[in-house]
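My entries are below the structure.

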Amino acid sequence: MSDLFPARADIDLDAIASNLGVVRDAVEGQKLLGVVKADAYGHGRAQCARALLGAGANYLGVAQVAEALNLREEVGAGPRILAWIYAPGADLEAALAADIELSVGAFWALDQLAVAARSTGITARIHLKADTGMARGGFNLQDLPEAARRIRGLVAEGVFELQGLWSHLARADDVDCGLTEIQIERFEEARSTVKAAGLDPVLCHLAASGGALWHPEARYDMVRPGIALYGLSPNPNHRTAAQMGLKAAMTLSADLIVDREVPAGTGVSYGHTAHTEEDTRLGVVPLGYADGIDRKASNVAPLVINSQPTKIMGRVCMDQFVVTLPEGATAGDRAYLFGDVGAGLPTADDWAEAMGTIGYEVVTRLGARVPRRYHGEG
Ligand SMILES: *Cc1c(COP(=O)(O)O)cnc(C)c1O
């Protein structure tokens with residue numbers, strides 16, 4: 001089947017293993033939680049999770065409990081899995097039965113998880129979440145003493161085990177903005193509160209990729225890298241992936257399906273947002289916004305064909321877009337959209353910059369229709 005789909009994402013599992021090593025070398029012995037939410041940022045959850053475990057990840061993390069249940073089937077019993085998003089009424093008994101550790105950052109979650117733990121007889125291993133400046137998930141610091149008091153009771157009863165105390169940084173990529181230091185102070189306050197309630201979390205964790213790489217004081221007992229594992233930078237304007245020794249794990253390419261010659265003044269693609277300035281050879285790349293190639297890439301995103309740079313011309317369509325062809329390129333030649341800079345390719349971070357977004361979005365949005373091919377052992 002995939003031979004009939006003229007585009008593919010090659011996923012380098014050795015790069016993912018090597019990127020975990022880069023993070024490990026950058027930190028000081030902290031445990032590593034590899035984040036594989038959103039199908040491992042578009043790279044394929046099962047394969048990436050196995051590669052990360054093989055490379056020594058201590059934990060895997062996903063956002064949704066549904067993702068965690070699938071991940072448990074993919075990696076089998078044993079590896080520790082943390083999930084942090086579920087809504088009131090979620091089937092938390094299924095999560096407990098699958099040995100999923102859950103974040104608790106609201107009173108309703110605390111109550112519902114206690115009910116699920118009691119009814120299954122399975123002790124819930126929880127990570128108590130405090131909000132330290134993201135204003136997203138987690139208890140407000142004012143509510144934390146009451147949450148800790150209730151958890152203390154549940155721990156005493158054997159209903160809960162306090163595996164973690166955690167929070168998330170809002171501006172770790174903006175290295176000198178000062179917010180991370182403030183969030184660390186608030187996290188310290190959260191730690192004191194929890195301790196004062198007689199609790200002793202096994203792991204404190206605060207840092208994702210940006211915090212792990214750029215804020216040593218935020219590392220605590222475990223770091224939670226995501227984007228760095230896939231070989232992209234949390235902020236390429238601060239440091240590029242290549243500067244940190246990270247290697248892009250995904251290479252996106254497609255076979256050209258058209259080569260044609262058009263005269264000067266030819267309007268190209270929907271809306272004629274671009275016109276040729278001279279006689280021009282155009283090619284068609286069979287990937288479009290249905291595959292996650294954002295329309296914002298129209299007229300701006302870079303490609304490489306036969307080792308020569310070019311870019312998208314005109315609007316990205318649902319299934320295809322037009323490019324200006326380098327000398328000699330013909331249908332059947334391979335057009336590379338992004339990959340590793342070391343291979344002479346534009347990066348997902350280059351695409352992000354051209355489109356005014358972040359590399360996270362470029363790889364994560366890659367459509368399910370595009371076949372992934374796996375290389376390496378991880
Ligand atoms: C997505 C996420 C991460 C990973 O973030 P990166 O910036 O990709 O390293 C870590 N922790 C939480 C809570 C997340 O939601």
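The entries go from the barrel to the ligand and then to the loop residue.

Entry 1, ground rules. I am working on a predicted model, in which local features need pLDDT of at least 70, side-chain atom pairs count only at pLDDT 80 or more, and totals for chains, interfaces and linings use all residues. Residues are numbered from 1 along each chain as its sequence is written, and side-chain values use heavy atoms, with hydrogens and water left out.

Entry 2, barrel. I traced a closed barrel of 8 strands in the order S2-S3-S4-S5-S6-S7-S8-S9, with parallel pairing. Strands here are DSSP E runs of at least two residues, numbered from the N terminus. Two strands pair if DSSP finds at least two bridges between them.

Entry 3, strand S2. I looked up S2, residues 31-35, and found 4 of its 5 residues buried. Buried means under 20% relative accessible area, exposed means over 50%, and partly exposed is in between (1.4 Å probe, protein chains only). On one side I followed 3 bridges from S2 to S3 (residues 59-64), running parallel; Val-35 has Gly-61 as its bridge partner there. I also found S2 joined to S9 (residues 222-223) by 2 bridges, again parallel. Lys-31 is the residue whose bridge partner in S9 is Met-222.

I checked S8, residues 203-207, and found 2 bridges to S9, running parallel. Ala-207 stands opposite Val-223 of S9.

Which residues come nearest to the ligand? I listed Lys-37, Tyr-41, Ser-209, Ile-227 and Tyr-360, out of 14 residues around the ligand; a residue counts as near if one of its heavy atoms lies within 4 Å. I then went through polar contacts, which are pairs of N or O atoms within 3.5 Å. A side-chain N or O atom of Tyr-41 is 2.6 Å from a ligand oxygen. Tyr-360 places a polar side-chain atom 2.6 Å from an oxygen atom of the ligand. For Arg-224, I read 3.0 Å between a polar side-chain atom and a ligand nitrogen. The ligand on its own has 390 Å² of accessible area, of which the protein covers 92%; the areas come from the Shrake-Rupley method with a 1.4 Å probe.

Is Ala-290 buried or partly exposed? I noted it as partly exposed, because its relative accessible area is 37%. Ala-290 is in the loop between S14 (280-285) and S15 (302-305). Its C-alpha atom is 9.2 Å from that of Ala-368, 78 residues apart along the chain.

How values were computed: Polar contact = N/O pair within 3.5 Å; in protein donor to acceptor, adjacent residues only side chain to side chain.
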